[in-house]
Amino acid sequence: MNEYMRKLKRQLLFEGSCVTSRCGRGGGVYEYVQCEFAYNEGRLDGGELSKRNIISMFESGLICANEGEMMFRAEDIINTDRHFAALQYAITECIHSLSGGDIQEIQRRLGTGQNIPGDVEEQPKTLRDIAAFHIEQIKIGGDAKVARIIAFVQCLQADIAPFIIHAENKEEYEGRLDSPARLEQLFRVEQRRFYRETEPMVVDQV
């Protein structure tokens, strides 16, 4: 796991730093994270963009219309674009440390209209710590999307496999926001899924 985390962080930082616009590059664990994260965040919020369109937006900035007169919600496109920008900042600027100012910048890039720095004086070291911080962020009025990006980065900082909350687990996720112990259990399920899907992309790299 230590070797996996070392390579994962190195690849995310390198690939994320190579993206000079909203459009990314084909392939790689960074693209997987961006697209998987943005797709599920959209679905958690009631968005309707397909995963194919999320990937197309990331790689080329284009939307695929499979049928004539096919319509897309501008809000979904804007929110996806904002999520790409916020997550890129979080990965490239916060992979080693996270400040209240960083949280404000993530909020700004997501367009949440909030200004909640939170308390990051002591970096969480375990998944339980991260679950507790996550719940506290939401309790004080923080946006859940911001909190989920923060949790991802905190995992990287603590050298533990990160996770993405999948849309099909929305009800279970929301039902566990009253208990760090119960939320940690769901985080572990998502963590195993993330590791299973990214491990081949990471360990095969020199």
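Biologist: Why is Arg 73 called partly exposed?

Modeller: In this predicted model, Arg 73 has a relative accessibility of 35%. Buried means under 20% and exposed means over 50%, so Arg 73, at 35%, counts as partly exposed.

Biologist: And what makes the contact between Arg 73 and Asp 76 a salt bridge?

Modeller: Their side chains meet at 2.8 Å, N to O. The cut-off is within 4 Å, for a side-chain nitrogen of Lys or Arg and a carboxyl oxygen of Asp or Glu, so this pair qualifies.

Biologist: Is Asp 76 buried or exposed, and how do you know?

Modeller: Asp 76 has a relative accessible area of 8%. Since buried means under 20%, Asp 76 is buried.

Biologist: What about Lys 51 and Glu 36: what makes them a salt bridge?

Modeller: Here the N to O distance is 3.0 Å, and the limit is within 4 Å, so Lys 51 and Glu 36 form a salt bridge. This one links distant parts of the chain, as Lys 51 sits in helix α3 (residues 51-60) and Glu 36 in helix α2 (residues 29-44), 15 residues apart.

Biologist: How do you know which class Glu 36 and Lys 51 each belong to?

Modeller: Glu 36 has 7% relative accessible area, and under 20% means buried, so Glu 36 is buried. Lys 51, at 33%, lies between 20% and 50% and is therefore partly exposed.

Biologist: How many salt bridges are found in the whole structure?

Modeller: The search finds 15.

Biologist: Let's turn to the nonpolar side chains. Which residues touch the most other members of the largest nonpolar core?

Modeller: That core has 40 residues, and Leu 8, Leu 12, Val 33, Ile 106, Ile 149, Phe 152 and Phe 194 touch the most other members. Helix α2 gives the largest share, eight residues.

Biologist: What does Leu 8 touch, leaving out residues up to four places away in sequence?

Modeller: Leu 8 touches Val 29, Leu 156, Pro 162, Phe 194 and Val 202. There is also a second, separate core of 15 residues, including Ile 130 and Leu 183.

Note on methods. Residues numbered from 1 in each chain as written. Predicted model: local features only at pLDDT ≥ 70, side-chain atom pairs only at ≥ 80, totals over all residues. Heavy atoms only, no water. Helix = DSSP H or I, 4+ residues; strand = E, 2+ residues; numbered from the N terminus. Buried < 20%, exposed > 50% of the residue type's maximum accessible area, 1.4 Å probe, protein only. Core = buried A, V, L, I, M, F, W, Y, C linked by side-chain atoms within 4.5 Å. Contact = heavy atoms within 4.5 Å.
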